[in-house]
Amino acid sequence: MASAGRRVAAGSGPKIGESGKLEGEFTCQANPPYIQHRLDVWDKLCKKKQESFAQVAKKEITIELKDGTKKHGKAFETTPFEIAAGISKGLADSAVAAKIIYVEPVESL
């Protein structure tokens with residue numbers, strides 16, 4: 001096993017210096033090649049997820065709010081933002097997160 005702080009094979013790229021920062025020449029690229037690769041992977045995963053959601057039955061659901069009010073929506077379509085917007089625009093604009101408690105099993109989880 002290699003000792004701490006030493007590479008098994010000498011590298012040719014930048015090294016971390018005494019200050020803890022990378023030393024050597026650094027050039028910023030306008031469109032580095034890894035960005036397009038990441039976008040391609042994202043698009044592929046997003047398309048796959050959208051196709052799987054398209055096949056899920058979108059049954060009617062009842063959403064019960066903390067105060068007991070009941071709203072109607074569709075599974076895998078209705079979002080917490082839409083529920084908040086239905087109550088008031090101010091609530092929808094100021095809400096950052098929603099807590100969801102499922103009372104029956106959900107296929108995708």
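# Chatting through a predicted model

Biologist: How many salt bridges does this one have?

Modeller: The count comes to 2 salt bridges. Keep in mind that this is a predicted model.

Biologist: Got it. Which residue does lysine 59 form a salt bridge with?

Modeller: Its partner is glutamate 104, and the closest N and O atoms of the two are 2.7 Å apart. Lysine 59 sits in the loop between α1 and β1, while glutamate 104 belongs to the segment after α3 (89-94), so the pair ties together parts that are 45 residues apart in sequence.

Biologist: And how exposed are lysine 59 and glutamate 104?

Modeller: Lysine 59 is partly exposed, at a relative accessible area of 44%. Glutamate 104 is partly exposed too, with 43%.

Biologist: What about the salt bridge of aspartate 93?

Modeller: That side chain meets the one of lysine 89, at 2.8 Å from N to O. Aspartate 93 and lysine 89 are 4 residues apart in helix α3, so about one helical turn separates them.

Biologist: Is that pair buried or exposed?

Modeller: Exposed: aspartate 93 has a relative accessible area of 53%, and lysine 89 comes to 61%.

Biologist: Let's step back. How many helices and strands are there?

Modeller: The protein has 3 helices and 2 strands. Going along the sequence, they follow the pattern α-β-β-α-α.

Biologist: How do the strands β1 and β2 pair?

Modeller: Strand β1 (residues 60-64) pairs with β2 in the antiparallel sense, over 5 bridges. Together they make a hairpin with 5 residues between them.

Biologist: Which glycine in the turn has a positive phi?

Modeller: Glycine 68, whose phi is about 95 degrees.

Biologist: Can you give me some landmarks across the strands? Which residue is the bridge partner of isoleucine 61, for instance?

Modeller: Isoleucine 61 has glycine 73 in β2 as its bridge partner.

Biologist: Where does threonine 79 sit, then?

Modeller: Threonine 79 is in the loop between β2 (70-74) and α2 (80-87). At 32% relative accessibility, threonine 79 counts as partly exposed.

Biologist: How far apart are the C-alpha atoms of threonine 79 and alanine 98?

Modeller: They are separated by 9.6 Å, and the two residues are 19 apart along the chain.

Biologist: Switching topic: how many disulfides are there?

Modeller: The count comes to 0 disulfides. If the term is new to you, a disulfide is a covalent bond between the sulfur atoms of two cysteines.

Biologist: How accessible are cysteine 28 and cysteine 46?

Modeller: Cysteine 28 is exposed, at 70% relative accessible area. Cysteine 46 counts as partly exposed, at 30%.

Biologist: Which residues make the nonpolar surface patch?

Modeller: Tyr34, Ile35 and Leu39 make it, and the patch covers about 270 Å². Leucine 39 is in helix α1 (residues 33-55), and it is partly exposed, with a relative accessible area of 42%.

Biologist: And for the protein overall, what share of the residues is buried?

Modeller: Buried residues make up 8% of the 109 residues. The accessible surface comes to about 10,300 Å², and 57% of it belongs to carbon and sulfur atoms.

Biologist: One more: what share of the contacts between residues at least 6 apart in sequence join residues at least 24 apart?

Modeller: Of those contacts, 6% do.

Methods. Residues numbered from 1 in each chain as written. Predicted model: local features only at pLDDT ≥ 70, side-chain atom pairs only at ≥ 80, totals over all residues. Heavy atoms only, no water. Patch = residues over 30% accessible without salt bridge, like charges linked within 9 Å, V, L, I, M, F, W, Y side chains within 5 Å. Areas by Shrake-Rupley, 256 points an atom, 1.4 Å probe, with all protein chains shown as cover. Salt bridge = Lys/Arg side-chain N within 4 Å of Asp/Glu carboxyl O. Buried < 20%, exposed > 50% of the residue type's maximum accessible area, 1.4 Å probe, protein only. Disulfide = S-S within 2.5 Å. Contact = heavy atoms within 4.5 Å. Pairing = 2+ DSSP bridges.
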